[in-house]
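Dear colleague,

Please find below the structure that I am handing over to you. My notes on the ligand site and on the domains follow it.

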Amino acid sequence: MRASAGPENTGDRPQSTKLACRGLWKVYGSNAARILQQRNFTPTSELLQSHGLVAALRDVSVDIREGEIFVIMGLSGSGKSTLVRCLSLLIEPTAGQVLFENRDLVTVPEKELIWLRRHKMSMVFQHFALLPHLTVLQNVAFPLEIQGIGQPTRESRAAEMIELVGLKGREGNYPRELSGGQRQRVGIARSLTTEPEVWFLDEPFSALDPLIRRELQNELLRLQRILRKTVIFITHDFDEAVRIADRVAILKDGIVEQIGSPEQLVLSPATDYIAEFTRHVSRAKVVTVAAIMQRDWQGASAANPVKSNCRIETVARQVLDSEGATRVVDDAGRVVGAVSRDAVLSVLFPES
Ligand SMILES: Nc1ncnc2c1ncn2[C@@H]1O[C@H](COP(=O)(O)OP(=O)(O)OP(=O)(O)O)[C@@H](O)[C@H]1O
Ligand SMILES: [Mg+2]
């Protein structure tokens, strides 16, 4: 795995690691573990191929911090779903560790693992995966039913979740009576009824049209402000990642190419692949004032300073309309630098 570039922009998020993996391999095919060991965990692609093995994950190590939204990106087949399934031990890794609150889940007895999965983790799938013969209320209450919780308690908890995702009044409907966006809200509500600590979302919005998708991204951010889960979110779409991620991991052929904030990936791509991946992203949506300001603010106008953590997109007009440079302040209102019109123009028009 390559190191992330530059200092990390984590804002006021807590820093403790909630979930991690170390040297994680998932190789599909028979005798995969033995062959990996024999080759000292450095098999060539040709060797794997000659044994009919598919390496979905190769030596992956990531740390996911408590309370962050960690996005996993990559092309189809790059190993995203496999990584998420290994992190929740839904599938067993071929080698490596999965650390949940510093305990290696690979060594946890099956019964306890099932308990952990039911109580501490939950998953939202791309294709909703609702039970068609159950109402909205029954679908949302279902994970609590599996936990053996009585009907009145589980239904009142489900009703709360349905209200939280904006579907109050639709409790008695069946999934077929709902739109795609509404079904995914049910999927979200269902995944939250057990109050999970780690919330996995595997391409939850990719079946939806762009407007509904955006609405649900906002919804996710609203819920996260209230609930503060540790979120692991898979997407194909860098624009979606930019909107929601604290940090992003980019996978290519089962290898983590880079981990960093969207801004780090755009400004300091570790490889040509990352540069290509992020080439079409609007830099103004990603780059913050802090990344382009100068430390010297002598001569910059004292009127209407801009905040260092704002995206260029939100301050561009104001900076460009000013006579000279504009002062930059931190969250506490202290002046920390100045941003020039040229610096903003170079973000808006990177090729010029
Ligand atoms: N059960 C399996 N047996 C053999 N190979 C598998 C199995 N499941 C996944 N793979 C292979 O592992 C690789 C990674 O698959 P994975 O589903 O993790 O990709 P993904 O990044 O989630 O792709 P997508 O964006 O299409 O969902 C692919 O080459 C896939 O064909
Ligand atoms: Mg997938």
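In this predicted model, a polar side-chain atom of S76 lies 2.5 Å from an oxygen atom of ligand 1, a polar contact being a pair of N or O atoms within 3.5 Å. An N or O atom in the side chain of H236 is 3.3 Å from an oxygen atom of ligand 1, and a polar side-chain atom of Y28 lies 3.4 Å from a nitrogen atom of the ligand. Taken alone, ligand 1 exposes 640 Å², by the Shrake-Rupley method with a 1.4 Å probe; the protein buries 59% of that area.

Around ligand 1 there are 13 residues, counted where a heavy atom lies within 4 Å of the ligand. The closest are S76, G77, K80, S81 and T82. By class, this shell has 7 polar, 4 nonpolar and 2 charged residues, with Gly counted as polar and Tyr as nonpolar. Helix α3 gives the most to the shell, with 3 residues (helices are DSSP runs of H or I, at least four residues).

As to the domains, the chain is divided into domain 1 (65-90 + 107-281) and domain 2 (285-348), with bounds from an automatic or database assignment. Their C-alpha centres lie 35 Å apart. The contact (heavy atoms within 4.5 Å) takes 6 residues from domain 1 and 5 residues from domain 2.

Residues are numbered from 1 along each chain as its sequence is written, and chains are lettered from A and ligands numbered from 1 in the order in which they are written. Local features need pLDDT of at least 70, side-chain atom pairs count only at pLDDT 80 or more, and totals for chains, interfaces and linings use all residues, while side-chain values use heavy atoms, without hydrogens and water.

With kind regards

Key: A polar contact is a pair of N or O atoms within 3.5 Å; within protein, one must be able to donate a hydrogen and the other to accept it, and residues adjacent in sequence count only if both atoms are side-chain atoms. Helices (H or I, at least four residues) and strands (E, at least two) are DSSP runs, numbered from the N terminus.
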